[in-house]
Amino acid sequence: MSTPSREHAVDRLEDRLSRMPLRERKKLRTRRAIQDHALRLFGERGYDETTVEQIAAAAEISPSTFFRYFPTKEDVVVTDEYDPIMAEVLRSQPAGLSPIEALRATFREMLPLLYETDLDVVNARLRLTAQVPALRARTFEALREGTFAMLTDVVGHRTGRRPDDPDVQTFSWAVLGVLQAAMYQWMEGRATTEELPGLVDRNLEFLARGCPL
């Protein structure tokens, strides 16, 4: 299967954003601007040393506006818009593909998008999560509430099962585990940016084979 170009992946994102109501597009731009300022300040001053008030001042908003977009300071690090995009791409995969093969195809399309638009942001968020205990705890909660819930819903639909089916849930956690393994290998310098797509694909293929050791 051929790998979609970066331009194709970004076009999919821009097309999806263009179909959002104007009010939602404005909210998304504001949320991204707040996150950009927050990550910059965390890099300059440290996570614990940066306050919500400082982030709000940098973004030229009030603290109350910050909390309308992010319930906690932790959420400004762990929140992103990838799950709805991933769900859309995964649902569009041919029905004849197994769940693993559909996911492999999805990430072949998603990763160029991340490279083109958000690689530095993803890297900063991962490093903060690895360094700050409070972020690790919130990241797990966000993963369970977001990506895990999305996977169980889409995989359940593709396989004719309920999202709360134990096998669907186990499969979804296994997928998240091999993805996390790839991301941490990259973050720790054991894989280059160019190698990351292949590593993600290799991990999913390894999972498909039953993780033989």
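Thr-152 lies in helix H9. With a relative accessibility of 5%, Thr-152 counts as buried, because that value is under the 20% cut-off. Leaving aside neighbours within four places in sequence, Thr-152 is in contact with Pro-163, Val-168, Gln-169 and Ser-172. That's one spot in a predicted model, and here is the rest of the picture.

**Overall layout**

- The protein has 213 residues, and buried ones make up 42% of them.
- Take the contacts between residues at least 6 apart in sequence: 66% of these join residues at least 24 apart.
- The accessible surface comes to about 11400 Å², and 52% of that belongs to carbon and sulfur atoms.

- Mean pLDDT for the protein is 86, with 89% of the residues at 70 or more.
- Among the elements, helix H3 (residues 52-59) has the highest mean pLDDT, 96, while helix H1 (residues 6-18) has the lowest, 53.
- Over residues 1-10 the pLDDT is below 50, and this stretch has 16 contacts in the model beyond near neighbours in sequence.
- A word of caution applies here: where pLDDT is low, the predicted coordinates should not be read in detail.

**The nonpolar cores**

- In soluble globular proteins, nonpolar side chains tend to be buried together.
- The largest nonpolar core here has 36 residues, and the ones touching the most other members are Phe-107, Leu-151 and Val-200.
- Helices H6 (82-91), H7, H8 (119-131), H9 (133-159), H10 and H11 each give two or more residues to this core.
- H7 supplies the largest share of the core, with nine residues.
- Val-200 touches Phe-107, Leu-111, Leu-179 and Ala-182, once residues up to four places away in sequence are set aside.
- Another core, of 17 residues, lies apart from the largest one; Leu-41, Phe-42, Phe-70 and Val-76 are among its members.

**Helix H11**

- H11 covers residues 196-208, which is 13 residues.
- From first C-alpha to last, H11 reaches 18 Å, close to the 18 Å expected at 1.5 Å a residue.
- Its buried residues are Leu-196, Leu-199, Val-200, Asp-201, Asn-203, Leu-204, Phe-206 and Leu-207.
- Those buried residues pack against helix H7 (99-117) and helix H10 (166-187).
- Just after H11 comes Gly-210, with a positive phi of about 90 degrees.

**Aromatic pairs**

- A search of the whole structure turns up five aromatic pairs.
- In one of them, the rings of Phe-42 and Tyr-47 have centres 4.8 Å apart and planes at 55 degrees, so the pair counts as tilted.
- Phe-42 is buried, with a relative accessible area of 4%, and Tyr-47 counts as buried too, at 7% relative accessibility.
- Phe-148 and Trp-173 make a stacked pair, at 4.3 Å centre to centre and with 15 degrees between the planes.
- This pair links distant parts of the chain, with Phe-148 in helix H9 and Trp-173 in helix H10, 25 residues apart.
- The burial of the two partners: Phe-148 is buried, with a relative accessible area of 9%, whereas Trp-173 is partly exposed, with a relative accessible area of 31%.
- Phe-66, Phe-67 and Phe-70 form one aromatic cluster.

**Leu-128 and its surroundings**

- Leu-128 has its place in helix H8, and at 10% relative accessibility Leu-128 counts as buried.
- With neighbours within four places in sequence left aside, Leu-128 is in contact with Leu-39, Phe-42, Tyr-47, Val-77 and Leu-135.
- That list includes Phe-42 and Tyr-47, the two members of the tilted pair.
- Leu-128 and Val-77 are 51 residues apart in sequence, yet their C-alpha atoms are 7.9 Å apart in space.

Technical notes: Residues numbered from 1 in each chain as written. Predicted model: local features only at pLDDT ≥ 70, side-chain atom pairs only at ≥ 80, totals over all residues. Heavy atoms only, no water. Helix = DSSP H or I, 4+ residues; strand = E, 2+ residues; numbered from the N terminus. Expected span 1.5 Å × (residues − 1). Buried < 20%, exposed > 50% of the residue type's maximum accessible area, 1.4 Å probe, protein only. Contact = heavy atoms within 4.5 Å. Core = buried A, V, L, I, M, F, W, Y, C linked by side-chain atoms within 4.5 Å. pLDDT = per-residue confidence, 0-100. Areas by Shrake-Rupley, 256 points an atom, 1.4 Å probe, with all protein chains shown as cover. Phe/Tyr/Trp six-rings, centres within 6.5 Å; stacked < 30°, edge-to-face > 60°.
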